Amino acid sequence: MSYAVDEYRREVADKNILVVGMGRSGMAAVKELHALGSTITAQDINTVDKIDPKFITFLDREGIEYYFGSTPEHMDIFDIVVLSPGVNPNLGFLNDARSKGVEVIGELEMAYRLSRGKFVAITGTNGKTTTTSLIGKIFEESGRKYTVVGNIGVATISKVQDSTDDEWMITEASSFQLETVLKFKPVVSVILNFTPDHLNRHGNMEAYGACKAAIGKNQSSDEYMVINYDDKACLALGANTKARLVPFSRIEELEFGACLDDGYIVIRDENGIVHQICSKDELKIIGNHNLENALAAAAVSFFTGIETDVIAYALKKFPGVEHRIEYCGIVDGAKFYNDSKGTNVDASIIALKALEKDIILIAGGDGKSQDFTELGENLPVRVKALVLLGRDAKDIEKAARNAGFSNIYHENDMNDCVKKAHEISEAGDKVLLSPACASWDMYDNYEQRGNHFKNCVNQLLR
């Protein structure tokens, strides 16, 4: 492994590389590839005044050419184009590059080629960050060398230069990242679930599913794919991998894989031997969706050789992840929860089911061409009031009214939403920010949105 990586690093050092998209991953790719000796050019659709000034200073100091607000005229001068996850791989100048024999890959693919570590890769429509974090916690408790990277907020390429053969790269992989993989080959892949999302980017569920399934397309028969047995659309995504399928189920007892047995999380190995982990009631993270995340994390850890007592200790200790049904405090008897990572309909429904009833839901934002019908159908039995903001708020309102739900308020910003929710809440209610939408119409990312919500709640607590 190390020899092949070292050889590829030497090859890359002699390449002329264009990095497209100056988000977190793109800036990291520029810095790491430049450090390896590659000739780098940076490109972004935004103009210079909208790029991080410190990064501009770095580019100027290092003599790195850049095209901000424009594209290079001659794409055939590049050997490789590396894309940030947010960049549509079918842009005209990228298709031009491919037509001229230029290799176009994503940041995750480049990071994989440069890394000495072994990859565990987690994807799915929802639950990726929680499961990735939980697996990282289990690996930490086991004493193994590991790094948590990817869509979770740490560019994978930023950690590859110091990676070692015994290091595990615990990687959250989005459909955007998997869209551009070619050789990416994790030791263990995970597909948590599969429901509509990002259809404005992928066009349809078939294309979206193909991106998710790409996580295991290069795996071999001595490797594993952990996959949701209860989600049949998800299970179908494992049809073409050569990896050994390890199913997990919250509903059925399985002859092989991770499941529940009399309320206990258990693993049944290849020989049918049952390994008890812990009771589901010992988990701190709430909701059936988090039980599924715990089952997946336990399966990954077990089949990479971690002892069951270590897995149990980490599962019981794990407090959850910021912006995922995160408890923020109680005001006048009403509890406030931040689920800003609920960026699609299914994620918000999961949050509603976890909190069960007496919910005041704050939702809205960039709807990503979703159908909000199912969200509307879940409101009457769980939600007391709906407080909306953002660009596609009216689409959510329409779905709510079609489902017979009419206690709806529109507000201009998050501060007004939190104030309205507080005003109409009663003791015992749960105020939940779970937007069912992306944040891009009002915020840079869901973290910024969630932090703003928490700041607004903190104002009420003072």
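**Note on the predicted model**

1. Valine 20 stands opposite leucine 83 in strand S4, strands here being DSSP runs of E with at least two residues and helices DSSP runs of H or I with at least four, both numbered from the N terminus. This is a predicted model, in which local features need pLDDT of at least 70 and side-chain atom pairs count only at pLDDT 80 or more, while totals for chains, interfaces and linings use all residues. Residues are numbered from 1 along each chain as its sequence is written, and side-chain values use heavy atoms, with hydrogens and water left out.

2. The contact of valine 20 with S4 belongs to a parallel pairing, in which strand S1 (residues 16-20) and S4 (residues 80-83) are joined over 4 bridges; two strands are said to pair if DSSP finds at least two bridges between them. S4 also pairs in the parallel sense with strand S5 (residues 103-106), again over 4 bridges, and there leucine 83 stands opposite glycine 106. From S4 the chain crosses through helix H4 (residues 92-99) to S5 in a right-handed β-α-β crossover, right-handed meaning that, with the strands pointing away from the viewer, the path from the first strand over the helix to the second runs clockwise.

3. Which residues of S4 are buried on each of its faces? Ile80 and Val82 are buried on one side and Val81 and Leu83 on the other, so that both faces of the strand are covered; buried means under 20% relative accessible area, exposed over 50%, and partly exposed in between, with a 1.4 Å probe and protein chains only. As a general point, the side chains of a regular strand alternate between the two faces of the sheet.

4. Strand S17 (residues 359-363) runs parallel to S18 and is joined to it by 5 bridges, with isoleucine 360 having alanine 385 in S18 as its bridge partner. The chain passes from S17 through helix H14 (residues 373-382) to S18, and this β-α-β crossover is right-handed.

5. S18 pairs as well with strand S19 (residues 408-410), in the parallel sense and over 3 bridges. The bridge partner of leucine 386 in S19 is isoleucine 408, and leucine 388 stands opposite histidine 410. Together with helix H15 (residues 393-402), S18 and S19 make a right-handed β-α-β unit.

6. Aspartate 332, in the loop between S15 and strand S16 (334-338), has a positive phi of about 50° although it is not a glycine, and its relative accessible area of 62% makes it exposed. Aspartate 358, in the loop between helix H13 (345-355) and S17, likewise is not a glycine and has a positive phi of about 55°, but with a relative accessible area of 32% aspartate 358 counts as partly exposed.

7. How many disulfides does the model contain? The count comes to 0, a disulfide being a pair of cysteine sulfur atoms within 2.5 Å. Cysteine 259 is in no disulfide, the nearest cysteine sulfur being that of cysteine 278, 13 Å away, and cysteine 259 counts as buried because its relative accessibility is 0%. Cysteine 417 is also in no disulfide, with the nearest cysteine sulfur, that of cysteine 456, 8.9 Å away; at 0% relative accessibility, cysteine 417 too counts as buried.

8. The axes of helix H6 (residues 128-142) and helix H11 (residues 288-303) come within 9 Å and cross at roughly 40°, where axes are lines fitted to C-alpha atoms, for helices over the stretch in contact, and angles run from 0 to 180 degrees between N-to-C directions. The two helices are therefore oblique to each other, since angles under 35 degrees count as roughly parallel, over 145 as roughly antiparallel, 65 to 115 as roughly perpendicular and the rest as oblique.

9. Isoleucine 306 and serine 115 are 191 residues apart in sequence and 23 Å apart in space, C-alpha to C-alpha.
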